[in-house]
Amino acid sequence: MRPLARYAALHSYVELGQSLGLDPVALIRAAGLDPASLSLQDRWVPAAAIADLLERSAIACGHEDFGLRLVERRRFANLGPLSLVIRDEPDVRSALRVLSRHENMYNEALHTRLTEDNGIATIRLALDLGGPGGTRQAIELAVGVLHGLLRGFLGPKWQPLEVRFSHPAPRDRRTHHRVLGTHLAFDSDFNGILTYTTDLDAANAMSDPQLRAYAQPLLDVTANALTTTTLDRVRSLIELLLPTGRCSVDQVARSLGVDRRTIYRHLAAEGETFTTLVDVTRAELAQHLVANRRHTLTEVAELLAFSTPGNFTRWFRRRHGCTPSQWRAAAARRAE
């Protein structure tokens with residue numbers, strides 16, 4: 001299965017895109033993602049689609065530093081529940097180990113490895129999208145986020161020994177210097193950051209030993225809750241693809257890097273079929289969209305991939321025992 005990542009990876013993407021003269025909605029759709037779901041930070045989508053969106057955006061606006069510009073708009077909390085635990089780790093080394101051990105909570109494609117040798121700590125970042133695709137922007141985003149995390153622990157004056165990238169240098173390095181400092185190396189054999197091992201021993205001024213005792217069990221519970229099964233992956237992709245009109249088992253299989261038989265087999269093992277899963281997911285979305293007056297009922301029918309409003313009305317009546325307009329009216333009365 002191709003790895004997934006949380007929509008949180010695109011925090012502030014729309015604002016940055018607009019500031020650079022882009023049409024974020026069009027680019028999001030071109031990458032196979034749903035603009036309306038971007039606010040759902042914990043929703044899982046194919047990591048390759050996020051990387052593709054970043055590459056398309058960099059090309060469209062003519063800025064090779066697009067990923068790093070996104071870093072400047074990131075906050076510590078964008079790591080989700082993981083940020084609560086890292087904040088209270090006693091030192092930088094411990095925080096990095098927690099980050100590496102639980103990185104699949106926010107990005108299954110990202111792999112972090114820490115090594116120490118002769119007083120030098122090397123933090124390597126690798127991105128495995130499960131298939132071909134550009135990664136320059138996603139790598140720079142990941143390295144930039146790591147750099148910001150280290151600076152948050154070590155203070156604004158901290159500088160790494162070197163920041164390395166396996167891709168070529170950009171034509172203009174000003175954003176790289178502003179975000180990462182001047183000690184940069186391109187065309188390297190890995191992506192990551194080098195610093196002194198003594199930096200890893202630095203105490204975390206934010207750490208509270210009493211809160212840490214509460215935070216660690218919270219991480220374990222959250223990690224178990226966020227474990228994604230094949231059923232979870234398929235359901236998330238159905239929700240993503242339904243509004244695009246491209247919700248088919250073949251499209252879901254392509255997004256996950258497998259064939260349709262693998263999808264059928266995994267769903268059968270969990271007592272589900274693709275058809276019933278689409279129907280249940282569509283019904284849940286229909287309830288939400290019909291109750292919300294943001295869209296006309298004709299638009300709702302289109303968002304749920306019905307060929308005509310009449311087909312949608314007949315399906316909705318069979319499913320819920322009333323027409324969409326009757327459901328909407330009842331929802332409005334309850335809200336009064």
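This is a predicted model: local features need pLDDT of at least 70, side-chain atom pairs count only at pLDDT 80 or more; totals for chains, interfaces and linings use all residues.
The strands considered here belong to an open sheet of five, arranged in the order E3-E4-E7-E5-E6 with mixed pairing. Its edges are formed by E3 and by strand E6 (184–185), each of which pairs on one side only. Strand E3, spanning residues 110–117, runs antiparallel to strand E4, spanning residues 120–127, and the two are joined by eight bridges. Within this pairing, Glu116 stands opposite Ala121 of E4. The two strands form a hairpin with two residues between them, and Asn118, which lies in the turn, has a positive phi of about 50°.

Further into the order of the sheet, E4 also pairs with strand E7 (residues 191–196), again in the antiparallel sense, through six bridges. Leu125 has Asn191 of E7 as its bridge partner. Strand E7 is in turn joined to strand E5 (residues 162–164) by three bridges, and these two strands likewise run antiparallel; in this pairing Val163 is placed opposite Ile193 of E7.

Two helices lie across strands of this sheet. Helix H6, formed by residues 92–101, lies across E3 and E4 and runs at about 145° to E3. Helix H7, formed by residues 136–154, lies across E3, E4, E5 and E7, and its direction makes an angle of about 145° with E4.

The structure holds one cavity of 30 Å³ or more, and the space in the largest cavity amounts to about 370 Å³. This cavity is lined by 26 residues, of which Ala9, Tyr106, Asn107, Leu110 and Ala142 are the closest to its centre. At least two lining residues each are supplied by strand E1 (4–6), helix H3 (47–61), E3, E4 and H7, with H7 giving the most, namely six residues. By class, the cavity lining comprises 21 nonpolar, three polar and two charged residues.

The open space presents another set of elements. The largest pocket contains about 650 Å³ of space and has a lining of 22 residues, among which Asp34, Ala36, Ser37, Pro243 and Leu303 lie nearest its centre. Helix H2 (24–30) and helix H14 (274–291) each contribute at least two residues to this lining, and H14 makes the greatest contribution, with three residues. The residues lining the pocket divide into 10 nonpolar, six polar and six charged, whereas those lining the largest cavity divide into 21 nonpolar, three polar and two charged.

A further packing arrangement concerns helices H11 and H12. Helix H11 (residues 230–241) packs with helix H12 (residues 249–256) at an angle of about 120°, and the axes of the two helices are 10 Å apart. Their crossing is right-handed. On the side of H11 the contact is made by Arg233, Val234, Leu237 and Leu241, while H12 takes part through Gln251, Val252, Ser255 and Leu256. Classified by residue type, this contact consists of five nonpolar, two polar and one charged residues.

Conventions. Residues are numbered from 1 along each chain as its sequence is written. Side-chain values use heavy atoms; hydrogens and water are left out. Axes are lines fitted to C-alpha atoms, for helices over the stretch in contact, and angles run from 0 to 180 degrees between N-to-C directions. Helices (H or I, at least four residues) and strands (E, at least two) are DSSP runs, numbered from the N terminus. A crossing is left-handed if the near helix is turned anticlockwise from the far one by less than a right angle, and right-handed if clockwise. Contact means heavy atoms within 4.5 Å. Ala, Val, Leu, Ile, Met, Phe, Trp, Tyr, Cys and Pro count as nonpolar, Asp, Glu, Lys and Arg as charged, and the others, Gly among them, as polar. On a 1 Å grid over the protein atoms alone, a cavity is a set of points where a 1.4 Å probe fits but cannot get out, and a pocket is an open set with protein on both sides within 12 Å along at least five of seven lines; lining residues have an atom within 4 Å of a point. Grid points are joined across faces, edges and corners, and a volume is the space filled by probe spheres set on the points. Two strands pair if DSSP finds at least two bridges between them.
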